[in-house]
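Please open the structure in your viewer and keep the selection tool at hand.

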Amino acid sequence: MFRSVVVHSLSNNFSDISIVSCERETINPDEVRVKVCSASVNFPDLLMTSGLYQFKPEVPFTLGMESSGIVMEVGAEVEDLNIDDEVIVSAFTGSFSEELKVNQSKVRKKPSELNWEQASTYTVAYLTAYVSLVTKGQLQSGETLLVHGAAGGVGLAAVDIGKFLGAKVIAVGSSKEKRDFLLSYGADFVLSPEKGFKDQVKKITNNKGADVIYDPVGGDVFDESIRCIAWNGRLLVVGFASGRIPSLPVNMPLIKGFSVIGVRAGEYGRRSPQEGAEHFRMIDKLISNGSLNPYIHKIYSLDETVEALKELRDRKVIGKVCINP
């Protein structure tokens, strides 16, 4: 028997989530069983509890998109993974658990330099930021990058990668605490998301505007972003944490010569497996050699999972939070 965090029915207040004792099932030939050492909470986990994410698992399901742990058992057809290997798991569900069984394609070896918490927190956020800024946005050294929701998991990863690439980073944070942290983390400038930030962006950039805008927020933030983007700029649509999906007057990109680019990093890898594997290789390398610096806000126990979800919902988290079974 092992314990898992199970969503029994969808709601917007986590009212039907509980810790359940589960019977161990036989693994399939292409699966591995992993003892979970640490898992991290992502915004899509939050959305899945209410059925608002694009991937909609049937209830009941076990929460958790990413984790790190130790291989306990391997199926007969599994290659390149062995019992006692230290691994990272990247799947839509299953990680908020003491153990999980998962297809071998969702598992890769953990960089030895990382502890369990570090290894469990970077895949989703840094893969999203890397595909956004490098593959899709083609951010260049010396360009200006505007990051919305910069203190959140995917936002902070974008700040980190932007600085690594040599960009001038303008980070947007919703509180003084977050803005102070972002400055200490390496952002060149910090702004509030309140209406009027476009004027500050233009002032910082000598009226040019931001070359690349990274937007996991949507709503009013998107509306104002199109008014402070540079000629030939790239506006990266990463998500809609504000809850409103904005509309774009198409004369704006025509007049200002900018591109609006949708980013689904995981789907990109599924449709282009070779490029997807290279993306994983690059973020693993940059994290393990210290070029990038994921930030862990707090560590919770499995029994405190709902509390961790509430912290994320209430925008109290800077970077990522972990759940250690």
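**Two crossing helices**

Helix α3 passes helix α10 in a right-handed crossing (right-handed if the near helix is turned clockwise from the far one by less than a right angle, left-handed if anticlockwise). To see the contact (heavy atoms within 4.5 Å), select T123, Y126, L127, Y130, V131 and T135 of α3, together with H279, F280, M282, I283, L286 and I287 of α10. By class, this contact has nine nonpolar, three polar and no charged residues (Ala, Val, Leu, Ile, Met, Phe, Trp, Tyr, Cys and Pro count as nonpolar; Asp, Glu, Lys and Arg as charged; the others, Gly among them, as polar).

The model is predicted: local features need pLDDT of at least 70, side-chain atom pairs count only at pLDDT 80 or more, and totals for chains, interfaces and linings use all residues. Residues are numbered from 1 along each chain as its sequence is written, and side-chain values use heavy atoms, with hydrogens and water left out.

**Salt bridges**

The count comes to 21 salt bridges (a side-chain nitrogen of Lys or Arg within 4 Å of a carboxyl oxygen of Asp or Glu). Select E267 next: R264 forms a salt bridge with E267, with the closest N and O atoms 3.9 Å apart. R270 also bridges to E267, at 3.1 Å between the closest N and O atoms.

Then select D211 and K208, whose side chains meet in a salt bridge (3.0 Å, N to O). Finally, display R24, R33, E73 and E99, which are linked in a network of salt bridges.

Definitions and conventions. Helices (H or I, at least four residues) and strands (E, at least two) are DSSP runs, numbered from the N terminus.
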